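Visitor: I'd like a quick tour of this protein, please. Could you take me through it piece by piece?

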Amino acid sequence: MRYPFDFTLTQALYMSKMGRQSKRFPTVCMLEPLYTCNLACRGCTKERHTGKLSNRLSVEQCLKAVEDCGVPIVSVCGGEPLLYPELPELLAELIKRGKYIIMCTNSLLAKEKLFGVIPPDNHLFVNVHLDGMAKTHDFVTNRPGVWQQAISNIKECKERGYLTITNCTVFRETDVDELEALCKLLTDIHIDGILISPGYNFENSEEDVFLSLQETFEKFKRIRGFIDKYKITSTPAFLDFASGKFDVDCSPYSTVNYTPNGWKAPCYLIGTEFYDDFQTFWNSVDWSYWESHKDPLCANCRMHSGFEQGCVQRSMGKFSDMLQLIKWQFSG
Ligand code: SF4
């Protein structure tokens, strides 16, 4: 299966319940307890790696945010979560509340802060950032040797029994053959999932490494061609969308983002406003405007965080697409 059965069932039941109540609802909380990082990757927003550790969220603030938005899945990102001093406590509390956690990390501190400190759990996915083979990943992360360390930590994660997945952003420099070589390598390591998404020009990134829409379509047409050979967890519908086969509305509300500055609006990428309180955030954003993705800030965006939910919901509305989705989930 592409995702563990209990994870898929929880998500499906939640989406079916929420879909009966409302057109718009959050599915994942992108929880960023800190904006401090031990890397400064190309393509990352400046605030996400320059924040002071003293400006981090408390565990109570994090738990309240997750409770307030009510989602079953929490993506703990940042900043680098392994630098968050209260991480073991935060994860234990989220697991106690039945949440599924996707902890997004560059893995550099795994030996000191993960192994032997945070136990493996079937509610915890360790999601290692990996944007290609050694040359590309070290270029993107701006430091030699990061790829080698990430691969070695992924192997150790697997040996220690962690659910281990990777997150790969496709940039202008990404060579699709190289990406397939990475998928093969990760499959040989028995990775539990490979998420692939187009990179998008964050509004305050200083690097021009992002794809034009045409480049996104071309690269993702080729990626779509090898989805069945590897445990890629981006859905076929999302990859069809990223290949330019069809368009869907953006669902910026599906991945709500809580940060040291508050709830970020309208989406994980664009922070035009920040709110302290979830209800005020939810009721203040003009969702129908951002759904249209016609704002100049949205130009070229095909980000997974904005469009995956819309692609899945589109599949659910057509029998043949739904069958393809179910078949995909049970393969790999
Ligand atoms: S298209 Fe959606 S996810 Fe992308 S920048 Fe616009 S609102 Fe955000």
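Visitor: Let's start with V66: buried or exposed?

Guide: First, a word on the ground rules: this is a predicted model, where local features need pLDDT of at least 70, side-chain atom pairs count only at pLDDT 80 or more, and totals for chains, interfaces and linings use all residues. Residues are numbered from 1 along each chain as its sequence is written, and side-chain values use heavy atoms, with hydrogens and water left out. Buried means under 20% relative accessible area, exposed over 50%, and partly exposed in between, with a 1.4 Å probe and protein chains only. V66 comes out at 0% relative accessibility, so V66 is buried.

Visitor: Which helix is V66 found in?

Guide: Helices here are DSSP runs of H or I with at least four residues, strands are runs of E with at least two, and both are numbered from the N terminus. Setting aside neighbours within four places in sequence, V66 is in contact (heavy atoms within 4.5 Å) with C29, L31, V71, V74, L94 and K99. The helix that holds V66 is α3.

Visitor: How many of the residues of β7 are buried?

Guide: Take the two faces in turn. T255, N257 and T259 point one way from β7, V256 and Y258 point the other way, and all are buried. That leaves β7 mostly covered, with the buried count at five of its five residues.

Visitor: Which residue is the bridge partner of Y258 in β8?

Guide: On the β1 side, where β1 and β7 pair in the parallel sense over four bridges, L31 stands opposite Y258. β7 and β8 pair in the antiparallel sense over three bridges, and a hairpin of two residues joins them. In β8, the partner of Y258 is W263.

Visitor: Which residue in β9 stands opposite A265?

Guide: Strand β8 (residues 262-266) runs antiparallel to β9, and four bridges join the two. Opposite A265 you'll find E273.

Visitor: How far apart are the closest N and O atoms of K23 and E291?

Guide: A salt bridge here is a side-chain nitrogen of Lys or Arg within 4 Å of a carboxyl oxygen of Asp or Glu, and the whole structure has 19 of them. K23 is exposed at 57% relative accessible area, while E291 is buried at 5%. K23 lies in the loop between α1 and β1 and E291 in helix α12 (residues 287-291), so the pair ties together parts that are 268 residues apart in sequence. Their closest N and O atoms are separated by 3.6 Å.

Visitor: Which residue forms a salt bridge with R314?

Guide: R314 is partly exposed, with 37% relative accessible area. Its partner is buried at 17%, and the closest N and O atoms are 3.8 Å apart. The partner is D321.

Visitor: Which element gives the largest share of the nonpolar patch?

Guide: Patches are made of residues with over 30% relative accessible area and no salt bridge, like charges being joined within 9 Å and nonpolar side chains (Val, Leu, Ile, Met, Phe, Trp, Tyr) within 5 Å. This one consists of M1, F5, L9, L13, I326 and F330, with about 590 Å² of accessible area together, by the Shrake-Rupley method with a 1.4 Å probe, only the protein chains shown counting as cover for residues. Both α1 (5-21) and α14 (319-330) give two or more residues. The largest share, three residues, comes from α1.

Definitions and conventions:
Two strands pair if DSSP finds at least two bridges between them.
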